[in-house]
Structures are given as C-alpha cells and as structure tokens.
Amino acid sequence: MTGAPAVVPSYSCTIDELMVVAFSRALANDTRAFNGAASFVPVCAYRLARRTHAPELVWAASSIAVDADPAVVGSSTLSDELWGGASMLANSPADFWTYAQGARYNTFAFRGAQMDAYGNVNNSVIGPYHSPKVRLPGGGGMADLGCMIPRIYLWSTTHGPRTFVERLDFRSGLGWGDGGDHRASLGLPGGPRLCVTSLCVFDFEPETKRMRLASLHPGVSVEDVQSATGFEVLLPAGEVPITAQPSAEELHILRTEVDPSGARRREF
Amino acid sequence: MPDGATIALGGLSMNSAPMAFVRELVRADKRDLTVVAIVAGMCVDWLVAAGAVSRVVAGLVSFEGLGLAPHFRRAVERGETTMEEYSEHLLICRLQAQARRLPFMPTVAGLGTDVPALHAGSGTLRIETDTATGRPYVACTPLAVDVAVVHVHEADATGNARVHPKLIWMDSEIVNAADRSVVTAERIVDNASFTAEPHRSSYPRFMVDAVCAAPRGAYPTSCFPDYGHDDGFYADYVAACGSPADFGAFWERRIAGPETWDDVLAANGAAVTDGRVAGGST
C-alpha cells in the first residue's frame with residue numbers, strides 16, 4: 001500500500017503532493033465537503049485549501065466531525081483519529097444523510113478501480129458481476145452521493161488503461177451517467193467537475209460531459225495520457241497547459257500541518 | 001441465533017463493530033447466516049472465514065487503506081458466499097421501510113447506476129416515477145432482520161443503552177428494523193445512571209432484548225472515544241492471509257482459540273488493563 005510516489009520533474013515535490021495541491025486549488029471558499037473511506041488525497045486537499053485560499057471551507061471528517069482539524073491523518077479516513085478539533089459530531093442517520101440529500105454538503109470526491117469518460121466509477125467487481133475475477137469492496141456511499149451532491153471530484157493515483165476504461169464492468173457510482181443531460185433528466189444536481197490523476201488533470205467538456213485534458217503534469221505528454229487511457233481523450237482548444245507548480249508555502253503546510261505522517265502516500 | 005438467521009451487525013468500517021459477539025458466533029459454529037452490515041470489514045471477514053455466512057447484504061466490505069477483506073473477497077469470487085450489494089443509503093432506506101412498516105422508502109440514491117438492476121429480479125429495489133412531479137426515484141422495500149447486534153458504552157440490566165458521547169453511526173437503523181436486538185456493552189451500569197441523565201440514552205429498554213457485558217468488545221475496531229482501532233491487528237491479519245497455514249495459526253492463537261474474550265485481548269496485547277489500544281486517538 002504505502003509506496004514511494006515519484007518525484008515530479010523540475011518541481012520540488014512528489015506526485016502525491018502535486019495531486020493534492022491541484023485538487024486543493026480547484027476548491028472554492030464555499031465548499032462544504034465530507035469524505036468517505038480511504039480518501040487520503042481529498043482529505044489532504046480539503047485541509048490544505050482551508051489553510052490557504054479557502055478559509056471558510058467546511059470539511060466534515062468521516063462525514064461526521066464538522067470542522068475537524070486533526071494533528072495527523074491515520075490509516076483510515078473513516079476513523080475517529082480524524083476528529084480532533086471538531087465543532088460538532090453530526091451523526092450519520094439523522095444529520096449526515098439529511099445534509100447530503102439537501103445538498104447542504106455540496107462537495108464529494110470518489111474514485112474507483114475503474115472510471116469511464118463520463119466520470120462514472122466501478123468499485124464493485126472486475127469481470128462478470130456474478131463470477132468476478134476480483135470482488136472489490138463495493139460502492140459504499142458513492143452510489144448515493146454521486147446522485148445527491150452537486151460538485152463531484154474524482155481522483156486516481158494509478159492512471160493506466162486498466163483504470164480509465166471505455167466501458168465499466170459495473171457502474172457503482174454515478175458521474176455524468178451516459179453524458180449530455182442524463183443527470184439532469186434524472187432530476188439530479190450538478191456533476192463531476194475535475195478528475196485529478198497521477199498523469200494529468202481532466203475537466204469535462206460541457207456538451208458531451210466527457211473527460212477533457214485540462215493540464216499535463218510536468219514530463220507527461222498528450223500521447224502518454226492517451227496511451228494510459230482506455231477511451232479517447234478530448235483535447236482543449238490550443239496548447240494543453242502544464243499543471244501549475246505548488247508554491248513553497250503550500251508544500252510546507254501540506255508536509256508539516258496537513259499530513260505530517262504522509263498518509264496520502266497510502267494510495268500509491 | 002439459529003442457523004440460517006438474518007443478522008445485522010452495527011459499526012462502520014473500523015469503528016464500533018460488535019466483535020466479541022461475532023467471535024462467539026464463530027465459536028458456536030453457526031451456518032448459513034445472512035449478514036446485513038451497511039459498511040463493514042473485519043466482522044464480516046471473521047464470519048466468512050469461519051464458514052458461517054451464505055449471504056452478505058452490504059454497501060461496502062473492506063479494510064480501507066489496509067486493503068480488501070481477504071476471506072470475503074475470496075469467498076465471493078469462488079461463489080461460496082453471495083454478495084447482495086446495495087449502497088449505504090439504499091440499505092438505510094430498506095431498513096427504514098422495515099422499521100416504519102411502510103411498503104417502501106423513496107430515494108434518489110442509485111439512480112443512473114447499475115445497483116438497482118441487480119435487484120430487479122428479487123424486486124427489493126424498484127425504479128419508479130412520482131406521478132405528481134414526474135421525478136424518478138428508487139423504491140426501497142422493507143428488509144426483514146431477525147436480530148441486530150450493536151456495541152455500546154453503557155447498558156443497564158433492563159436494556160437501556162447509550163453510546164458515549166452520542167449515537168454516531170447507523171446502528172439505530174438496524175436496531176429499529178430488527179425483530180430482536182442484542183446490545184454488547186463496555187460497562188453494565190445501574191438503572192439510576194440512566195434516570196439521572198435520560199437525555200444521554202441511545203436506546204430505550206423496549207428496543208433491546210438482551211444485554212451482554214463486553215469490555216473492549218469492539219476490538220480490533222474502535223470504540224470512540226474509549227479506544228481506537230488496532231492498525232497492528234489489521235496488518236498482522238492481512239499478512240497471515242497470505243497462506244492458509246499462517247492464517248490457521250493466527251486464527252487459533254489470536255481469534256478463535258482463546259477461552260474468553262479477555263484471553264483474546266491478552267493474546268493481542270490489548271487487555272483492558274493495558275490502557276488504550278495502539279492506534280487510538282483522543
């Protein structure tokens with residue numbers, strides 16, 4: 001689990017740090033977020049954003065502990081290890097699921113073993129559903145929250161053709177669905193905004209709702225992304241920008257305050 | 001708890017699962033259980049490892065950052081155990097429909113995903129359209145549960161029970177849905193302790209059919225704020241799953257073999273007298 005994320009060429013950071021910073025910079029000050037299981041990169045991004053450009057950002061640790069500010073991030077992002085400094089322990093049945101359904105929480109991040117061009121994810125099975133090659137944990141709350149929450153973020157620390165696929169073996173969590181106005185036709189709010197990966201950042205083309213290259217991490221080419229992606233990658237008009245360099249301040253805060261134990265590397 | 005029963009286990013992921021009770025199910029050699037657990041991990045893996053489970057009804061079963069739940073994964077891949085997969089909220093809605101004796105609970109959860117179609121045959125979920133607004137929803141039908149088992153901090157002899165500092169996870173959903181409920185408690189206290197602070201009670205005695213004293217009964221999961229989950233146990237467990245011989249020895253020495261729950265805790269260096277379990281917080 002705990003690997004050694006690659007150093008980013010010409011940036012004085014590693015890929016986990018670049019991903020956290022890129023995610024963090026996308027979060028507005030009116031973000032009201034919570035997190036699910038094994039969500040180390042999003043947890044770090046929420047905490048970093050609140051300490052930098054988004055001081056009013058709300059983060060409910062484990063979906064329970066509102067405004068938590070723990071000293072460290074541990075081995076579970078659903079653990080009470082994350083709850084230090086919280087102003088409220090909002091319980092799950094009465095509080096959390098009501099806030100989520102009413103979009104009082106407006107931001108959620110999920111990932112899957114497979115993701116498709118529309119930001120739908122599979123965390124249930126690899127192979128045929130009833131005789132799977134790999135039985136994965138299951139969608140948990142992603143099938144719910146993908147429908148309820150208007151601002152969805154995706155991330156992947158393993159950008160390759162086995163993760164980014166043309167067709168999911170199972171759709172555990174809803175992104176933009178079949179694309180176009182599918183979500184709206186189901187009466188569901190918003191949809192995925194960004195997908196931050198170990199190679200690049202995708203946004204979603206406004207009409208089709210397919211992933212589109214928004215920036216390349218240093219040293220990564222368009223061809224690299226395309227060959228690591230099982231569906232056709234849309235390109236923006238003009239040159240594809242390079243993912244912006246994290247500032248020294250962001251890296252310092254991430255390393256010393258947000259995640260001093262390096263829990264974010266558990267995903268690599 | 002007869003063979004073939006549908007039992008629901010409380011807790012969430014590495015938090016507050018009734019592990020001492022689960023171990024007794026293992027030792028009682030139960031068979032053919034249907035286990036309902038909204039977001040689970042170690043509790044399901046123990047029961048699957050013991051061959052006690054024919055069906056898991058869950059939203060998620062994993063060890064989070066420490067990997068997949070090995071026995072659960074293998075048993076489903078081999079077709080020895082069925083995973084009846086929902087999502088957290090779809091399961092909650094089924095439990096609420098049961099608790100309230102309603103034909104269904106509506107939710108937008110699962111729309112646009114492949115989850116509802118898994119249950120088209122059994123009819124436990126139906127996609128319907130509200131005739132007044134035209135909005136689609138998923139109708140979640142009642143989920144009958146024979147026995148719910150939850151772990152709490154304190155209970156009295158009559159069944160009043162409370163979670164300290166308050167009920168956090170979705171345990172009340174399974175207690176409300178179940179025909180009978182068993183509470184395992186860190187401490188048994190006098191009834192006067194409840195009447196002195198009635199605002200702190202989580203379950204009234206008429207919702208609880210049996211109370212068991214189980215100090216540190218959620219180990220190796222957490223019981224916030226008393227103790228955290230034990231990372232070391234999870235890591236050792238996963239490592240032992242690498243070979244049947246290793247796991248057999250681990251199972252015997254640290255889970256199934258010890259005579260009492262206190263002996264289990266001692267075998268894992270987590271006896272109540274040892275203070276907080278490693279990996280804890282607060």
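1. Helices (H or I, at least four residues) and strands (E, at least two) are DSSP runs, numbered from the N terminus. This is a predicted model: local features need pLDDT of at least 70, side-chain atom pairs count only at pLDDT 80 or more, and totals for chains, interfaces and linings use all residues. Residues are numbered from 1 along each chain as its sequence is written, while chains are lettered from A and ligands numbered from 1 in the order in which they are written.

2. Start with two cis peptide bonds in chain B. One runs from B:His164 to B:Pro165, with omega near 0°. B:Pro165 sits in the loop between strand 9 (161–162) and helix 6 of chain B. Another joins B:Tyr219 and B:Pro220, with omega about 10°. B:Pro220 is in the loop between strand 11 (210–213) and helix 8 of chain B. Most peptide bonds are trans.

3. Next, backbone phi. Most residues other than glycine have a negative phi. A:Lys209 is not a glycine, yet has a positive phi of about 70°. A:Lys209 lies in the loop between strand 12 (200–204) and strand 13 (211–216) of chain A. B:Ser16, also not a glycine, has a positive phi of about 55°. The loop between strand 1 (6–9) and helix 1 (19–27) of chain B holds B:Ser16.

4. Are these two residues buried or exposed? A:Lys209 is buried, with 22 other C-beta atoms within 10 Å. B:Ser16 is buried, with 25 other C-beta atoms within 10 Å. (Buried means 20 or more other C-beta atoms within 10 Å of a residue's own, exposed 12 or fewer, partly exposed in between; C-beta atoms are placed from the backbone.)

5. How do helix 8 (residues 231–240) and helix 9 (residues 244–256) of chain B cross? Their axes come within 8 Å and cross at roughly 140°. Helix 8 of chain B is therefore oblique to helix 9 of chain B. (Axes are lines fitted to C-alpha atoms, for helices over the stretch in contact; angles run from 0 to 180 degrees between N-to-C directions. Under 35 degrees counts as roughly parallel, over 145 as roughly antiparallel, 65 to 115 as roughly perpendicular and the rest as oblique.)

6. Chain B has domain 1 (6–85 + 144–274) and domain 2 (103–140). These bounds come from an automatic or database domain assignment. The centres of domain 1 and domain 2 of chain B, taken over C-alpha atoms, are 31 Å apart.
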